[in-house]
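Hi,

Here is the structure I promised to pass on. Have a look at it first, then read my notes below.

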Amino acid sequence: MGERIKKLKKIRIHREGTNELTLSAGLILAIGVLLLKTFDSHIPFWIFIVIFGTVWLVALNFYRCPIRYYNGDTEKLVVAPADGKIVVVEEAEENEYFHDKRLMISIFMSPWNVHANWFPVDGKVKFVKHFDGNYHKAWLPKASEENEHADIMITTPEGEDVLVRQIAGAVARRIVTYAKPEEECYIDEHMGFIKLGSRVDVFLPLTAKACVTMNQPTTGDQTVIAKLA
């Protein structure tokens, strides 16, 4: 792949949340001013600000877009595509594309996590497919196949195919995928975004060595989850 190319845009708040955060902040401010003018006491104003200000700050945390770079050689490394915690590390049958067993590593993202997704490996995007489906709780095993999801197949420089699956959860109803077929992709680049609680699965060759354990927290684009043979 030659020298790694960094195409990260310097954004602190993810573009998926810019409009929502701006509109909600304006609405909170407008209602706050109305409360100040309506009531002689400031108590209703402060109750409103504390409650909805807290909700807005939670949303702000959700839409954070950290600028991250993996420090080190990325050859044959698989990094976490998302912030969250490991909920699956096991051999699993993958019958949609590979029709054999794969090392499956899954990361669950709670509403408290950053929901930007990063490419887990350097390579070239082979294809991107979106599937409609159910909205089971994201940590359930059946969510991987039955929930709405987007599949991104990446071929590494060594010729290994790695499948990344963005999965909608019980609350998440929107999967955004930036990956495009035939484009080269790199660790440090954003692969997509999933709103609210959700999950990302990574399917690797059985020769890959897992570097994480169950319930281990992960940091997207930083935590090494596996090494390819």
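Start with I152: it stands opposite V164 in β7. This is a predicted model, by the way. The two strands involved are β6 (residues 149–155) and β7, which pair in the antiparallel sense over 7 bridges. Their hairpin has 5 residues between the strands, and G159 there takes a positive phi near 90 degrees.

V164 also has a partner in β11, namely V202. Strand β11 (residues 198–204) pairs with β7 over 6 bridges, again in the antiparallel sense.

Now for β7 itself, residues 161–168: how many of its residues are buried? The count is 8 of 8, so the strand is mostly covered. In a regular strand the side chains alternate between the two faces of the sheet. Here D161, L163, R165 and I167 point one way, while V162, V164, Q166 and A168 point the other way, and all are buried.

Q166 leads us to another spot. Its side chain makes a polar contact with the side chain of N117, at 2.8 Å. You'll find N117 in strand β4 (residues 116–118). Why does N117 count as buried? Because its relative accessibility is 0%, and the cut-off is under 20%. Setting aside neighbours within four places in sequence, N117 is in contact with several residues, including M109, H190, F193 and V200.

A word on confidence: the chain averages a pLDDT of 84, and 82% of the residues score at least 70. Over residues 1–11, though, the pLDDT is below 50. Where pLDDT is low, the predicted coordinates should not be read in detail.

Cheers

Key: Residues are numbered from 1 along each chain as its sequence is written. This is a predicted model: local features need pLDDT of at least 70, side-chain atom pairs count only at pLDDT 80 or more; totals for chains, interfaces and linings use all residues. Side-chain values use heavy atoms; hydrogens and water are left out. pLDDT is the predictor's confidence in each residue, from 0 to 100. Contact means heavy atoms within 4.5 Å. Buried means under 20% relative accessible area, exposed over 50%, partly exposed in between (1.4 Å probe, protein chains only). Helices (H or I, at least four residues) and strands (E, at least two) are DSSP runs, numbered from the N terminus. Two strands pair if DSSP finds at least two bridges between them. A polar contact is a pair of N or O atoms within 3.5 Å; within protein, one must be able to donate a hydrogen and the other to accept it, and residues adjacent in sequence count only if both atoms are side-chain atoms.
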